[in-house]
Amino acid sequence: MTTKLIPSPLTAERLGIAPQTLRLWRMQGRGPRYVRLSVGRVAYDEREIERWLAARTFNSTAEESARDVA
């Protein structure tokens, strides 16, 4: 299985957020799991981004409340 790593700026763009928001989420443990490539270099496994998004996809606000995703 091939791992496709997406650089942090492109991940932020894909999620529709600012790179600073993605950085803050990493510090808070809120965003998708990431890979530390070197000092100052972070990337995201495409599968992890998809899993993270899937965990935050709902059919209704009732479903969202029942799952209580942070």
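**Burial and contact in a predicted model**

Tutor: The buried residues of α3 pack against β1 (5–7), α1, α2 and β3. The structure under discussion is a predicted model.

Student: Which residues of α3 are buried?

Tutor: They are Glu48, Ile49 and Trp52.

Student: How do you know where the buried residues of α3 lie around the helix?

Tutor: Seen down the axis of α3, the buried residues fall within an arc of 100°, so they line one face of the helix.

Student: Which residues of α2 are buried, and against which elements do they pack?

Tutor: Leu22, Trp25 and Arg26 are the buried residues of α2. Viewed along the axis of α2, they lie within an arc of 105°, so they line one face of the helix. They pack against α1, β3 and α3. On the other side of α2, Gln20 and Met27 are exposed. After α2 comes Gly29, with a positive phi near 70°.

Student: Which residues does Arg26 touch, apart from those up to four places away in sequence?

Tutor: With that exclusion, Arg26 touches Ser8, Tyr34, Val42 and Tyr44. Arg26 and Val42 are 16 residues apart in sequence, and their C-alpha atoms are 10.0 Å apart in space.

Student: Why is Ser8 called buried?

Tutor: The relative accessibility of Ser8 is 11%, and the term buried applies under 20%. Ser8 therefore counts as buried. Ser8 is found in helix α1. Setting aside residues up to four places away in sequence, Ser8 touches Leu22, Arg26, Val42, Ala43 and Tyr44.

Student: What makes Ala43 a buried residue?

Tutor: Its relative accessibility is 3%, to be set against the limit of under 20%. Ala43 thus counts as buried. Ala43 belongs to strand β3. Beyond its neighbours within four places in sequence, Ala43 is in contact with Leu5, Ile6, Pro7, Ser8, Tyr34, Val35 and Leu37.

Student: How far apart are Ala43 and Leu15?

Tutor: They are 28 residues apart in sequence and 14 Å apart in space, from C-alpha to C-alpha. Leu15, leaving aside neighbours within four places in sequence, is in contact with Leu22, Trp25, Pro32, Ile49, Trp52 and Leu53.

Student: What makes a set of residues a nonpolar core, and which residues form the largest one here?

Tutor: The residues must be buried, of listed kinds such as Ala, Leu and Trp, and joined through side-chain atoms within 4.5 Å. The largest such core has 9 residues: Ile6, Ala12, Leu15, Leu22, Trp25, Val42, Tyr44, Ile49 and Trp52. At least two residues of this core come from each of α1 (8–15), α2 (19–28), β3 (41–45) and α3 (46–54). In soluble globular proteins, nonpolar side chains tend to be buried together.

Student: Why is Leu37 called partly exposed?

Tutor: Buried means under 20% and exposed means over 50%, with partly exposed in between. The relative accessibility of Leu37 is 38%, so Leu37 counts as partly exposed. Leu37 lies in strand β2 (residues 35–38).

Key. Residues numbered from 1 in each chain as written. Predicted model: local features only at pLDDT ≥ 70, side-chain atom pairs only at ≥ 80, totals over all residues. Heavy atoms only, no water. Helix = DSSP H or I, 4+ residues; strand = E, 2+ residues; numbered from the N terminus. Buried < 20%, exposed > 50% of the residue type's maximum accessible area, 1.4 Å probe, protein only. Contact = heavy atoms within 4.5 Å. Arc of directions from axis to C-beta.
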